[in-house]
Amino acid sequence: MMNRRLFGYLLVTALLAAGLVYHFHLGGRQQTQPPAQAEVTPTPQPVQPQPVKAAAAPSTVTESLNMPVTDGRLLARLPNGLTVLVVEDKRFPLVAERLYVHAGSSYETKAQEGISHLLEHMVFNSTAKRPKGGIAADIEGVGGDTNAATSFDYTQYMADLPSEHWKLGLDAFQDMIFGAKFLPEELEQEKKVVISEMERGLDDPGQRLFKLSQALTWKGTPYEHPIIGSRETVNAVTPQDLKDYIAKHYQPQSMLLVVVGEVDAQQVYREAQAVFGSLENDRSVSPPDMRDMPANTGGPVARAVPGNWNTCYLRVSFAVPGLHSAKDVPLEVLSDLLGGGKTSKFHRKYVYELQLANDIDVSSITLERGGMLTIDATLKQDKLEAFWAELGRDLASLKADGFTDEELDRAKLNIEDHLFRAKETIGGLATKLAYYQFNGYGPDGEANVVYDVRNVDRAQLQGLLTEYVQPGNAALSLLVPGKEQAEADTLAAKLLAGLKASWPAPPVAPQAAGQGGKASAPEVVELGGGHILVLQPDPTMPYASVTLAYRGGDGLLSPGEQGLSELVSKSLTRSVGKRQAPEIDEFLGNRAASLGASAGRDAFLLSARYPSRFERDVLALLADAVLEPAFDSAELERAKKLQLAQIDQASDKPTSLAFRNIYPFLFPGSHYGYFRAGQPDAVAAFTREQARAYWEKQRSMPWVMSVCGVFDRKAVLETAARLAKAPAAKAPAINAPAWGPERSKTIQLPERTQSHLFMIFPVEGRDSEDTASLEVLKTALAGQGGLLFQDLRDQRGLGYTVTAFLWQAPRAGFLAFYIGTTPDKTGEALEGFRRIAGQVAAEGLGKDELDRARNSIEGDYYQGHQSIASRSLEAAGNLIMDLPLNYDREMLGKVAALSPEQVAKVAAKYLDANKAYLFSIEP
């Protein structure tokens, strides 16, 4: 049994079985088919159709185009950027030619799904030089083969020919792509062929199972939808759509031509220049992000589909990193150890010894921007429950130390063997070389992979098991005999419950301060009674950060209590039990620790950071602050003074004054419209009894405690249990606030020189499907590279600070434009706001703006999540507001998957200046 490995030695038939590649088979021989690394942006952007110029017919090229040939190998770029790789191989009178293009299904918009694959079909129809079917007829007429294949990240065109006809392959490639006519009648016919292929795929258990698993495992990524598309999207494609697609993606700088066989390398290069040299790039391209993608943590999840099957088809999949990850090669070794052949752990146990499965296979599928580790099994339905229970126990107990030296050496040898066997044929060698070159591994790619394979150790394997092969990252896809979906759903739920029972979230072993090792995935512990604990080990530094987040905040206050939650947050940790502020400060200072609290509109937070060796001391103080706050009268008075000073200082600073008053202006009658710091007279009058009463109500609310760093799991659990003795009360409902009736407000701030203008557009809350697009719009408008800054500051000189910001509560939010300008320019500035809002609403974002926004959002996320404090806060803040644990990271995936059309639709929905609120601070 051979794994579906993606080192360049895969067969198309194996990938077809997985649904990973769709191809248009015209010849007799199957072609080796690895996926490729693209060099265009992950999500296609709208551009004006600008067809790439077709190449001229082959002509004589001067010897000045000679390129160095070393050991029969030539690697060079044509002047237009198309890469040419030629390897002279005289073993047989054959030549294998491959043309790879950075264009696949992961670069399609939602409306374009399937266009890459449909294009692959259409190029075999009428062309500038040949009638329908002429490409195949010409090549087969000289004893050759031609084919094409589409995957997520690439499209590949193939021709295998007798060596004396090698020029025919290059001419065919040029004609079928850049000479395709895309006649309407041929397109309609080919759509029927593709839909037939689509329907056939529904009957194939391998393809059906892969589609289920990709939707679960790669949800929210460019790999979520099937390569073949849907009936609706395929039927919607027009000839112009195909021409536009080629014009955008088939840039010579994004193409690789590989020719291997009995040829002269210099002649091939010169012919490539003659055939493809007149193609021109008409836009820039950017490589996709190759970041080491983290595991999912929202699982386990399961989906079962009934059908007219005679057996059960099962796949357990785990999200893993993609190509160029340091984990790519260890994943291949792990796959081979678990299910790479008859000697593998799972095959030996489940097929041979227990006879619970007919077949089992473990594979690692690695693509540009992510991957999937899969366990596939076929088995009889009456053995499903026994198999599943045993597999759950095995997954829960997997340890790298359990693999013997003999098993590890065997797996490495198997992988090397597959690598070398691929070179037995000219076609196999061509595809292998193309794979490494196309994916950026270079001429030494294979040698480097072999080196990496030989040096995989148990620590690397254990890191994979700890980080990726864990229950939160598991997705079960199942095809079962039967007709009723309800029965299949019941079965899926039962299997999911069984997995959770046999494979609970992995415990985190206590770790001494400063001890090294791999940080494991977050562990979410349901403590009951509305209390949740999140554990996020990170051994980087011997420190830990704790965030305790409660639902409530200003939401627990009456209108007359505005500012009380802020006051409580300032005084809560200043007198605890019998300890007063000086003693607490000394206690924390002696331990290089910090402890504090903060209040928000919907939540109240306590946080602590400390060296791990002082963990029990600081956790005890944190718990005491929650359970035994003294609210000492003297400390409460000090807190009042601080808060009154805060109000005063806000009145001195225009932007602080603006943010203090914007929310009451927008949301009168709601707690979102409260003055967060309160009004001076009310703050001064608050009593110790009011503070105590508020805190009693606040600490009875549901909470989430999140710990990140190096910590003692037992000590954390003990603290959490101490805080969770009583069940939480019902938290206040979070409803959408009513917007204020007045559309404009101005506050005078005398003796100032600038006006501060805000144009505020109401939007939906964080739980809206529009949030990702709103983040993109805000980012595209904000910053020094933003549309507002470039227009109003750089071009028109209206103000020094020009930006945009987005605020979202769970059920409401706003997108605001801001500028600080001189009073005589306020009219021009407001007109600029209107003009830019109208332009973006009408046209959406251009490619450059969209790319910049995506990159900025991702950069900000990773920059802002480096500290353990930020990560503990993120987890607690998300869960307490009923958002997914990895909401922010999932948002990155949603942002990356956005089409220009989606962003434009959201812009048109919200950026209506006639419905905006205007707020200003005037001198």
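This is a predicted model: local features need pLDDT of at least 70, side-chain atom pairs count only at pLDDT 80 or more; totals for chains, interfaces and linings use all residues.
**View 1. Helices H10 and H13 cross each other.** Helix H10 (residues 328-339) and helix H13 (residues 405-421) have axes that come within 9 Å and cross at roughly 115°. The two helices, H10 and H13, are therefore roughly perpendicular to each other, and their crossing is right-handed. Take a look at the residues that meet here: H10 brings Glu 332, Val 333, Asp 336 and Leu 337, while H13 brings Glu 407, Leu 408, Ala 411, Asn 414 and Ile 415.

**View 2. An open sheet is formed by 6 strands.** You can trace the strands in the order S13-S14-S18-S15-S17-S16, with mixed pairing. Strand S13 (523-528) and strand S16 (594-599) are at the edges with a single partner strand each, so one side of each has no neighbour in the sheet. From one strand to the next, the twist averages 15°.

**View 3. Strands S15 and S18 run antiparallel.** Here 7 bridges join S15 (residues 543-551) to S18 (residues 703-709). For a handy landmark, find Ser 545, which stands opposite Cys 708 in S18.

**View 4. Helices H18 and H25 lie across strands of the sheet.** Helix H18 (residues 564-571) lies across S16 and strand S17 (603-611), and runs at about 175° to S16. Helix H25 (residues 713-723) lies across S13, strand S14 (531-537), S15 and S18, and its direction is at about 165° to S18.

Definitions and conventions
Residues are numbered from 1 along each chain as its sequence is written. Side-chain values use heavy atoms; hydrogens and water are left out. Two strands pair if DSSP finds at least two bridges between them. Helices (H or I, at least four residues) and strands (E, at least two) are DSSP runs, numbered from the N terminus. Axes are lines fitted to C-alpha atoms, for helices over the stretch in contact, and angles run from 0 to 180 degrees between N-to-C directions. Contact means heavy atoms within 4.5 Å. Angles under 35 degrees count as roughly parallel, over 145 as roughly antiparallel, 65 to 115 as roughly perpendicular and the rest as oblique. A crossing is left-handed if the near helix is turned anticlockwise from the far one by less than a right angle, and right-handed if clockwise.
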